[in-house]
Amino acid sequence: MSRYRLYPLPTQEIVLRDHCAHARFVWNLAVEQDSWWRPGRHSAPGYLEQCRQLTQARAEHDWLRTGSQMVQQQALRDFAQARQSYFNGTQRRPSWRKAGRNEGFRGVAVGPGHVRRLSRQVGAIWVPKAGWVRFRWSRPVPEGVKSYRVTRDSAACWHVAFAMIPKPIPAPGTGSIVGIDRGVAVSAALSTGELLTAPLLSSTRRRRLILLQRKLARRKPGSTRRTQTRLAIAKLKARQTNARGDWCEKISTDLSQRFDLIRVEDLRIRDMTRSAKGTVERPGRNVRQKAGLNREMLASG
């Protein structure tokens, strides 16, 4: 997918948040109906049955009926696809979605006139009920896109991603092979002798993050100041996430262009970062030190 930063107006942001709420409600409605199904006991609710339930829900709730029917139907299609992936053994069973954590919706039937370029760095996309929403034209939009997904992260930033299968990166054809050893102090060590380290927050931003986390612990739950502090922490973590994602994309692209075969160590980080607190009968030792080590492992791996 090609993802771009979205900049909706305040009135448009209200519409986008409503679309996210409607898609989440429809998804949870499908999860609730699917939870009653057990193999050998009842017939699994199909897509048509879920569409009838959506029609009934739109008739009962005015706030749902005022939303975009396309957004709500695509939420059902996403659930049907996730459910099929669960039966194929490639994903876990679809679970409930929560406000503030699962904010997004999908749009389809993107025509040639639904995406336009306004200036050198500004583009616009047509979103139902919201109109033309601007986004940063950081790179050309792929041709022939038919769908998109709008998401909102924990730092209150909106993004739009256009679904398009990218062209494969051609291999060098030299028969070169490289092995990648994953670690903690060094994120990845190549068999060629190169050492790769994932980027972290600067020392100044790390100190600010610690101060904000201490301030968050003193805030009253549900207060405006707690919400503001939580948002400031989310922005710092989003900055680190974006930097690490950019680093991973660049490193993986560079390796695929230089080597024909890449072997990566199967490092089980989940087992290495297991909690050391133990049980009541057999409590763990040096639990706080192990927690700090776990954070370093997760940050490096």
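Lys 129 counts as exposed, at 57% relative accessibility (exposed is over 50%, buried under 20%, partly exposed in between, with a 1.4 Å probe and protein chains only). This is a predicted model, where local features need pLDDT of at least 70 and side-chain atom pairs count only at pLDDT 80 or more, while totals for chains, interfaces and linings use all residues. Residues are numbered from 1 along each chain as its sequence is written, and side-chain values use heavy atoms, with hydrogens and water left out.

**Two loops with positive phi**
- Lys 129 sits in the loop between strand S4 (122-127) and strand S5 (131-136); helices (H or I, at least four residues) and strands (E, at least two) are DSSP runs, numbered from the N terminus.
- Although Lys 129 is not a glycine, its phi is positive, at about 70°.
- Ala 156, in the loop between strand S6 (147-152) and strand S7 (158-162), also has a positive phi, near 65°.
- Ala 156 is partly exposed, with a relative accessible area of 27%.
- For background, most residues other than glycine have a negative phi.

**His 19 and its neighbours**
- His 19 belongs to helix H1 (residues 10-35) and is buried, with a relative accessible area of 2%.
- Leaving aside residues up to four places away in sequence, His 19 touches Ser 68, Val 71, Phe 105, Val 127, Pro 128 and Lys 129 (contact means heavy atoms within 4.5 Å).

**Helix H8**
- Helix H8 (residues 287-300) has 14 residues and reaches 20 Å from its first C-alpha to its last, close to the 20 Å expected at 1.5 Å a residue; the expected span is 1.5 Å times one less than the number of residues.
- Buried in H8 are Ala 291, Asn 294, Met 297, Ala 299 and Ser 300, and their cover includes helix H6 (224-258) and helix H7 (269-272).

**A four-stranded sheet**
- Four strands make an open sheet in the order S10-S9-S8-S11, with mixed pairing; two strands pair if DSSP finds at least two bridges between them.
- Strand S10 (195-196) and strand S11 (261-264) are at the edges with a single partner strand each, so one side of each has no neighbour in the sheet.
- Strand S8 (residues 177-182) and strand S9 (residues 188-190) pair in the antiparallel sense over three bridges.
- Asp 181 has Ala 189 as its bridge partner in S9.
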